[in-house]
Amino acid sequence: KPPVSNGVHKTDDIILQSRQVAVQGNQLAQKGDYVGAVEMFSKAIKLDPSDFRFFGNRSYCHDRLESFQKALANADAAIKLAPEWPKGHFRKGRALTGLKRFQEAEQVFQQVLKLDPICEDAQFELARVRVQILMDMGFTRSMSEQAVRTYSTVQQALEALLAGKVSDEEGSDEVYFSEEEDD
């Protein structure tokens, strides 16, 4: 019998090979070698461009390398292949945050939470970009953080800040005494 070159066996071999290369990429990323990991994920993508996880992982590595435009492109590729994959959207939100496109990032993190309502990382990142949006409007970090903790949207937080419902005193309800003070 002639060997199967363009049939099922060839395809299975390529998929297996792509996953083995991706495992090497994951190992490099865990060691902090993001440049090496990007190379491995790029090889995996060449072998199997239909695996959305490879793009998601390469996006993560580019995020760690602060190559946010590349991180965004890879996140978008992952989302195109798997629109319901929360991690693809999370990677996009992180890339947009890195690019200082905070309002877009806010929308993307909200999308992550629609797909995965208990994703703590997305909740944290959503709060972080909301604080940044308010700080970009000129509010202090402490006021912005307090407003974001208290109100569920940037609009509500902004209205509260403008109405003076949020004070700029950190820990205003706590009183500190130095050790020299007797009372």
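Author: What follows goes from the overall fold to helices, cores, ring pairs and a few single residues.

Author: This is a predicted model, in which local features need pLDDT of at least 70, side-chain atom pairs count only at pLDDT 80 or more, and totals for chains, interfaces and linings use all residues. Residues are numbered from 1 along each chain as its sequence is written, and side-chain values use heavy atoms, with hydrogens and water left out.

Reader: OK. How many helices and strands are there in the chain?

Author: The chain has 9 helices and 0 strands. Helices (H or I, at least four residues) and strands (E, at least two) are DSSP runs, numbered from the N terminus. Along the sequence the pattern reads α-α-α-α-α-α-α-α-α.

Reader: And what share of the residues is buried?

Author: Of the 183 residues in the chain, 37% are buried. Buried means under 20% relative accessible area, exposed over 50%, and partly exposed in between, with a 1.4 Å probe and protein chains only.

Reader: Start at the end, then. Which residues of H9 are buried?

Author: H9 covers residues 154-162, and its buried residues are Val 154, Ala 157, Leu 158, Ala 160 and Leu 161.

Reader: Why are those on the same side of H9?

Author: They cover an arc of only 165° around the axis, which puts them on the same side of H9. The arc is that of the directions from the helix axis to the C-beta atoms. An α-helix has 3.6 residues a turn, so residues three or four places apart point the same way.

Reader: What do the buried residues of H9 pack against?

Author: They pack against helix H6 (102-115), helix H7 (120-136) and helix H8 (141-150). After H9 comes Gly 164, with a positive phi near 75°.

Reader: Which residues have the most contacts in the largest nonpolar core?

Author: Those are Phe 109, Leu 134 and Leu 161, in a core of 28 residues. A nonpolar core is a set of buried Ala, Val, Leu, Ile, Met, Phe, Trp, Tyr and Cys residues joined through side-chain atoms within 4.5 Å. H4, H5, H6, H7, H8 and H9 are the elements that give two or more residues to this core. Apart from this core lies another, of 16 residues, among them Val 21, Phe 54, Ala 78 and Ala 82.

Reader: Back to Leu 161. What does it touch?

Author: Not counting residues up to four places away in sequence, Leu 161 touches Leu 134, Phe 139, Met 143, Ala 147 and Val 166. Contact here means heavy atoms within 4.5 Å.

Reader: New topic. How many aromatic pairs are there?

Author: A search of the whole structure finds 3. Rings of Phe, Tyr and Trp (its six-membered ring) pair if their centres lie within 6.5 Å; planes under 30 degrees apart count as stacked, over 60 as edge-to-face and the rest as tilted. One of the pairs is Tyr 34 with Tyr 60, edge-to-face at 6.0 Å centre to centre and 75° between the planes. Tyr 34 lies in helix H2 (residues 34-47) and Tyr 60 in helix H3 (residues 52-64), so this pair ties together parts that are 26 residues apart in sequence.

Reader: Is Tyr 34 buried or exposed?

Author: Tyr 34 is buried, at 16% relative accessible area, while Tyr 60 is partly exposed at 26%.

Reader: Where is Glu 125?

Author: Glu 125 is in helix H7. Its relative accessible area is 7%, so Glu 125 is buried. A polar contact of 3.2 Å joins the side chains of Glu 125 and Arg 94. A polar contact is a pair of N or O atoms within 3.5 Å; within protein, one must be able to donate a hydrogen and the other to accept it, and residues adjacent in sequence count only if both atoms are side-chain atoms.

Reader: Last one. What is the phi of Lys 100?

Author: Phi of Lys 100 is near 65°, a positive value in a residue other than glycine. Lys 100 sits in the loop between H5 and H6 and is exposed, with a relative accessible area of 63%.
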